[in-house]
Amino acid sequence: MAKVRHSRFDCNPGCSVEAAISLIDGKWKCVVLFHLLAGTMRFNEIRRQVSGVTQRTLTNQLRELEEDGLIERKVYAQVPPKVEYSISPLGRSLEPILIALKAWGDGNIGRFGKPTAANAA
């Protein structure tokens with residue numbers, strides 16, 4: 001069953017958070033946006049940066065980000081085809097949030113995955 005991407009928000013307290021999360025709720029979307037903060041990238045460059053993502057999933061997440069206006073896709077008319085992705089002004093407005101998520105993740109990385117001697121203490 002296909003996921004409903006956007007629903008009508010009833011504007012109870014917190015609906016603006018729900019609306020914002022609905023744009024970046026894919027597993028890889030925030031990671032892709034974070035890497036695009038550094039500049040324009042081609043598909044395979046993004047794929048190398050985002051290890052663990054399948055080609056199909058990355059394609060779908062990029063399409064959704066483009067559809068929502070968070071990234072821009074530029075296709076060059078040449079052979080072989082060349083496509084570049086860059087963050088849009090709307091996507092760039094998420095920069096402080098993405099940087100804060102990275103900082104929080106850096107500070108709490110020990111809570112995830114297997115415990116190690118360093119974070120077991």
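Hi everyone, let's start with two helices: Cys 30, Leu 33 and Phe 34 in α2 meet Leu 98, Ile 99 and Lys 102 in α6, where contact means heavy atoms within 4.5 Å. Helices here are DSSP runs of H or I with at least four residues, numbered from the N terminus. Please remember that this is a predicted model, where local features need pLDDT of at least 70, side-chain atom pairs count only at pLDDT 80 or more, and totals for chains, interfaces and linings use all residues. Residues are numbered from 1 along each chain as its sequence is written, and side-chain values use heavy atoms, leaving out hydrogens and water.

How are α2 and α6 oriented to each other? Helix α2, residues 29–36, packs against α6 at about 110 degrees, with the axes 10 Å apart. Axes are lines fitted to C-alpha atoms over the stretch in contact, and angles run from 0 to 180 degrees between N-to-C directions. Since 65 to 115 degrees counts as roughly perpendicular, α2 and α6 are therefore roughly perpendicular.

Now, charges. Asp 25, Lys 29 and Glu 64 form a network of salt bridges, each one being a side-chain nitrogen of Lys or Arg within 4 Å of a carboxyl oxygen of Asp or Glu. Lys 29 meets Asp 25 at 3.9 Å, N to O, and Glu 64 at 2.7 Å, N to O. Glu 64 lies in helix α4 (residues 55–67) and Lys 29 in helix α2, so this pair ties together parts 35 residues apart in sequence.

Is Lys 29 buried or exposed? Lys 29 is buried, with 0% relative accessible area; buried means under 20%, exposed over 50%, and partly exposed in between, using a 1.4 Å probe and protein chains only. Asp 25, at 34%, is partly exposed.

Definitions and conventions:
Parallel < 35°, antiparallel > 145°, perpendicular 65-115°, else oblique.
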